Amino acid sequence: MEVIIQPTREEAGRVAAAIVARLVREKPDAVLGLATGSTPLGLYRELARMHHDEGLDFSAITTFNLDEYVGLAPDHPASYHTFMRKNLFDQINITEERIHIPNGSAQDIPAHCLAYEEAIIEAGGIDLQVLGIGSDGHIGFNEPTSSLASRTRIKTLTQATIDDNARFFANREDVPVHVITMGIGTIMDAGQCVVLAYGEAKAQAVAGMVEGPLTAIVPASILQMHPLVKVLLDEPAASALQKADYYRRVHDMKPEWQRE
Ligand code: PGA
């Protein structure tokens with residue numbers, strides 16, 4: 001794992017955007033895996049700016065989102081469909097038919113999950129997966145003890161995640177208990193992963209992901225087995241890392257050709 005510690009979340013978001021933009025320029029028909037939550041907002045703002053100011057072209061890009069709440073219609077204000085539209089898709093020239101987000105209103109959830117997996121394969125697989133990390137170590141909505149080989153399926157949220165996400169809903173009771181999420185196996189099939197984490201509340205989960213034992217109790221720790229992961233952190237999110245000085249040194253000593 002490559003750990004990149006930036007002074008602020010804004011700077012970390014800009015580094016993430018540079019990584020995504022490089023792929024979009026090199027492979028205009030790339031497949032992006034996208035995440036929701038507060039963390040990727042800076043990345044999406046910067047991608048929208050690059051589209052607007054620099055003509056970064058998303059017209060041939062395909063996207064697959066990680067997850068969605070079960071029971072929320074796509075136009076629900078707290079759905080991830082709404083989130084993506086507002087925070088990214090309405091700001092760039094993405095092609096509508098190339099957008100994929102799990103449908104939380106699907107009647108037959110297992111069939112929908114299978115079709116989602118098949119659509120990823122048909123699109124050629126995910127080139128780059130953007131990830132946040134939950135304070136409990138989840139990636140996507142793969143909560144602690146998720147199978148490390150899991151595929152897209154229904155999951156039940158932990159109380160901790162419901163509490164974390166209650167801020168997006170009028171009442172805590174309105175947060176759906178169930179979600180559809182790409183599995184950990186699905187995420188691990190991506191060509192590369194870019195993980196973003198900001199703030200002290202993520203510090204323990206980040207330490208578990210990067211330096212802890214590989215364990216289903218910290219689902220993000222499976223990323224230690226992925227050959228190409230970049231972890232972008234602000235200082236507070238990096239505060240529990242034992243080897244932070246080493247990660248800074250690696251970054252400072254990088255050969256020019258390896259730089260973002
Ligand atoms: P957050 O969520 O970006 O809103 O902190 C991250 C996650 O739960 O994966």
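This is a predicted model: local features need pLDDT of at least 70, side-chain atom pairs count only at pLDDT 80 or more; totals for chains, interfaces and linings use all residues.
View 1. A polar side-chain atom of Thr39 lies 2.4 Å from a ligand oxygen atom, whereas for Ser38 the atom concerned is a backbone N or O atom, which lies 3.0 Å from an oxygen atom of the ligand.

**View 2. The shell of residues around the ligand.** Surrounding the ligand are Gly37, Ser38 and Thr39, together with Gly132, Ile133 and Gly134, and also His138, Arg167 and Lys202. When the residues of this shell are sorted by class, one is nonpolar, six are polar and two are charged.

**View 3. The largest pocket, whose space the ligand takes.** The ligand takes up the space of the largest pocket, in which there is about 480 Å³ of space. The pocket is lined by 28 residues, and those closest to its centre are Gly37, Thr39, Ile133, Asn165 and Lys202. Helix α5, which spans residues 159–165, gives the most to this lining, with three residues. By class, the lining of the largest pocket comprises 10 nonpolar, 12 polar and six charged residues.

**View 4. The largest cavity and its lining.** A search of the whole structure for cavities of 30 Å³ or more finds one, and the volume of the largest cavity is about 30 Å³. Its lining is formed by Leu32, Leu34, Leu47, Phe58, Ile61, Thr63, Leu88, Phe89, Ile92 and Ile94. By class, nine residues of the lining of this largest cavity are nonpolar and one is polar, while none is charged.

How values were computed
Residues are numbered from 1 along each chain as its sequence is written. Side-chain values use heavy atoms; hydrogens and water are left out. A residue is near a molecule or strand if one of its heavy atoms lies within 4 Å of it. A polar contact is a pair of N or O atoms within 3.5 Å; within protein, one must be able to donate a hydrogen and the other to accept it, and residues adjacent in sequence count only if both atoms are side-chain atoms. On a 1 Å grid over the protein atoms alone, a cavity is a set of points where a 1.4 Å probe fits but cannot get out, and a pocket is an open set with protein on both sides within 12 Å along at least five of seven lines; lining residues have an atom within 4 Å of a point. A molecule sits in a cavity or pocket if more than half of its atoms lie within 2 Å of its grid points. Ala, Val, Leu, Ile, Met, Phe, Trp, Tyr, Cys and Pro count as nonpolar, Asp, Glu, Lys and Arg as charged, and the others, Gly among them, as polar. Grid points are joined across faces, edges and corners, and a volume is the space filled by probe spheres set on the points. Helices (H or I, at least four residues) and strands (E, at least two) are DSSP runs, numbered from the N terminus.
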